[in-house]
Amino acid sequence: MPNVHILGIESSCDETAAAVVGAGERIVSNVVFSQIVTHQPFGGVVPELASREHLRAIVPVVRKALAEAGQTYQSIDALAVTQGPGLAGALLVGISYAKALAFALDKPLIAVNHLEGHIHAVLLEERQKGSFSDHPPNFPVLALVVSGGHTHLYLAQQSGESWAYCNIGHTRDDAAGEAFDKVAKVLGLGYPGGPIIDKLARHGDAGAVKFPLSQIKHRDRNEKGTPGQNGRRFDFSYSGIKTAVLRYVETRRLRDSIAARQAALSAIAKPGLEDYLALCDNETLDLVASFQRAMVEDLLAKTLAAAREYEVATLFVTGGVAANNQLRERFESAGANDGLPVYFPSRPLSTDNAAMIAAAAYPKFLAQQFAAMDFSAEAGMALR
Ligand code: KG4
Ligand code: ZN
């Protein structure tokens, strides 16, 4: 059904987004309103402020996505909205609006798991490039979803039009993106931390500070009866490295220089890389580079170990942290060494967007898996 147009709506965290996608493989419009400036003074996402900002932005963002697509409320075929996981209040804004629109327009509504959205960001773009039309990805696919809220490993198999997922790894504490954000905050580099650490890391010596890789030896007590329970699990843990950075800052007495940097940066309206570099000494740049390398090597080592254990044929790496330059380079070269094809979304589609939600909804549209009007937000929604 090449002419099916789905309007996707995403509001799970700090981006209000709407997009129109044709047949799950063509981005017709993709509008993302980022709330970064609202949350920046707090060094992280404030859930109440996120809900309020979504309420303000949702109507104009959806209108813009339709206008840029040359579509109208009446001309779209279906609506899709993120059901979870995410911030409950933030999710509810998107869900309530999507329900009201679907009801008023008498159009089908599809509830989408945000994590499946991130995986579909890869599929959508590969299909758009035409690379999966002749050679669809070989299964099993291993998907690493690595963002500010999640660090998950899924084994994916095809199941009719849709994919079925089995979780074989997750973080026991902080998500990888959360570690980037918290370390940036500790070092007075602002929010979000990932993009600025990515840029600064190439100016430091990644071998200067040794961070040990996390070793997880015991079973996760919260893990009950998941499909992967009999197979090996590949869990992550990133709260230790955050504490190690904090300890480094204390023992090296970096507090005063961090406070000075923070004050200087807050006085600059839109600080650029040169401003950051001028405010970071070599010790800080080395620390940033060493931290990023430790994160990337840990993500890579666990993902490759899982890929070998489960003999996967294809690797997807997606989510906000997949925008990281060093991570992409390391996964690409390691994948080439192992003969494992590795796919990423483009950088704009790595972070939260609604095109991935509309794309993930397309197989459900074909299978007529429509949401009942009484469904609600699921903050801790699992992907199966
Ligand atoms: O996928 P996303 O937009 O939202 C969630 O679903 O969480 O991911 C946002 C996260 C933030 O933690 C941000 O610091 C991180 O992705 N991030 C990066 C980069 N760009 C964004 N981390 C490392 N390197 C980057 N270039
Ligand atoms: Zn996300």
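This is a predicted model: local features need pLDDT of at least 70, side-chain atom pairs count only at pLDDT 80 or more; totals for chains, interfaces and linings use all residues.
Which residue in β10 is the bridge partner of Leu315? Residues are numbered from 1 along each chain as its sequence is written, chains are lettered from A and ligands numbered from 1 in the order in which they are written, and side-chain values use heavy atoms, with hydrogens and water left out.

Back to the question. The partner of Leu315 is Val342. Strand β9, residues 314-318, runs parallel to β10, and two bridges join them. Two bridges is enough: strands pair if DSSP finds at least two between them. Helices (H or I, at least four residues) and strands (E, at least two) are DSSP runs, numbered from the N terminus.

Now the whole sheet. Five strands make an open sheet with mixed pairing, in the order β8-β7-β6-β9-β10. The edges are β8 (162-170) and β10 (342-343); each has a single partner strand, so one side of each lacks a neighbour in the sheet.

There is another open sheet. Its order is β3-β2-β1-β4-β5, five strands again, with mixed pairing. Here β3 (26-34) and β5 (109-113) stand at the edges, each with a single partner strand, so one side of each has no neighbour in the sheet. On average, neighbouring strands are turned by 20 degrees against each other, direction ignored. Strand β2 (residues 15-22) pairs antiparallel with β3 over eight bridges. In β3, Arg26 stands opposite Gly22.

Next, helix α4, residues 114-129. Helix α4 lies across β6, β7, β8, β9 and β10, at about 115 degrees to β9. Helix α4 also lies across β1, β2, β3, β4 and β5, at about 100 degrees to β5. For these angles, axes are lines fitted to C-alpha atoms, for helices over the stretch in contact, and angles run from 0 to 180 degrees between N-to-C directions. Contact means heavy atoms within 4.5 Å.

On to the metal. What coordinates the zinc ion (ligand 2)? His114 (NE2), His118 (NE2) and Asp352 (OD) do, at 2.0 to 2.1 Å. Donors are N, O and S atoms within 2.8 Å of the metal (3.2 Å for Na, K and Ca); water is not among the atoms, so sites may look incomplete. Along the chain, the spacing is H-x3-H-x233-D. His114 is in helix α4 and Asp352 is in the loop between α13 and α14, so the pair ties together parts 238 residues apart in sequence.

His114 is buried at 3%, Asp352 at 13%, and His118 at 0%. Among the residues that His118 touches are Val145, Thr318 and Met356.

Last stop: Asn353. Asn353 lies in the loop between α13 and α14, buried at 0%. Its side chain reaches the backbone nitrogen of Met356 at 2.9 Å. Asn353 also touches residues including Glu10, Asn30 and Pro348.

Methods: Buried means under 20% relative accessible area, exposed over 50%, partly exposed in between (1.4 Å probe, protein chains only). A polar contact is a pair of N or O atoms within 3.5 Å; within protein, one must be able to donate a hydrogen and the other to accept it, and residues adjacent in sequence count only if both atoms are side-chain atoms. Lists of a residue's contacts leave out its neighbours within four places in sequence.
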